Amino acid sequence: MRPTILAVDLGGTQIRAALCDPDGQIHRRTARPTLAVEGPESVIARIKDAVSEVLEGVPIEQITGVGIGSPGPLDPMQGVVISAPNLPGWHNVPLRDIVSAHVGRPAYLGNDANVAGLAETLWGAARGEREVIYLTISTGVGSGIITDGRLVLGVRGLAGEAGHIVVMA
């Protein structure tokens, strides 16, 4: 039985879930609209639906863990979305624990730009690079920084949050 990772991407417009192997190969995936204006409960229900769809027929013992990418700011140590500007009503939502309880496996929550930057460093365009700045421009704007091959999180997991910065001229 090959270890499998469940990946969940919570975005401002799309929710995606996929089953991946440790080499980054995607074996099954699904997507659905976030419909963020409906609030956290509805969005969480759609996350659970997406997760259930990609897990159908997979023995839960095969899932080594769940990685969740979410817009921030968030607290990756506590697994809580603190306040996502493009997700109305998302204030102190314990998303890691909600998804972990649904799946029955350990889950980890990270800022979407951070985990995307890390993925590019491991398997994508920045593979093998030790110093990377990853920018995401989608429903929101974010960044992830990898230095000396390690993701920069800072004390509370908020380092490198370029996001929407107001510049006064």
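Predicted model: local features only at pLDDT ≥ 70, side-chain atom pairs only at ≥ 80, totals over all residues.

Reader: How many residues does α1 have, and what does it reach from first C-alpha to last?
Author: Helix α1 covers residues 40-55, has 16 residues and reaches 22 Å, close to the 22 Å expected at 1.5 Å a residue. Helices (H or I, at least four residues) and strands (E, at least two) are DSSP runs numbered from the N terminus. The expected span is 1.5 Å times one less than the number of residues.

Reader: Which residues in α1 are buried?
Author: They are Val43, Ile44, Arg46, Ile47, Ala50, Val51, Val54 and Leu55. Buried means under 20% relative accessible area, exposed over 50%, and partly exposed in between, with a 1.4 Å probe and protein chains only. Seen down the axis of α1, these buried residues fall within an arc of 165°, so they line one face of the helix. The arc is that of the directions from the helix axis to the C-beta atoms.

Reader: What do they pack against?
Author: The buried residues of α1 pack against β1 (4-10), β2 (14-20), β3 (26-33), β4 (63-70), β7 (91-93) and α2 (95-103). Contact means heavy atoms within 4.5 Å. Just after α1, Gly57 takes a positive phi of about 80°.

Reader: Turning to α3, which of its residues are buried?
Author: In α3, Ala113, Asn114, Gly117 and Thr121 are buried. Viewed down the axis of α3, they fall within an arc of 105°, so they line one face of the helix. Their packing partners are β8 (107-111), β9 (132-137), β10 (141-147) and β11 (150-151).

Reader: And Ser143, buried or exposed?
Author: Ser143 is buried, with a relative accessible area of 4%, and is found in strand β10. Not counting residues up to four places away in sequence, Ser143 touches several residues, including Asn111, Ala113 and Asn114.

Reader: Is Arg156 buried or exposed?
Author: Arg156 is exposed, with a relative accessible area of 63%, and is found in the segment after β11. Leaving aside neighbours within four places in sequence, Arg156 is in contact with Leu74, Asp75, Pro76 and Met77. Arg156 and Leu74 are 82 residues apart in sequence and 8.7 Å apart in space, C-alpha to C-alpha.

Notes: Residues numbered from 1 in each chain as written. Heavy atoms only, no water.
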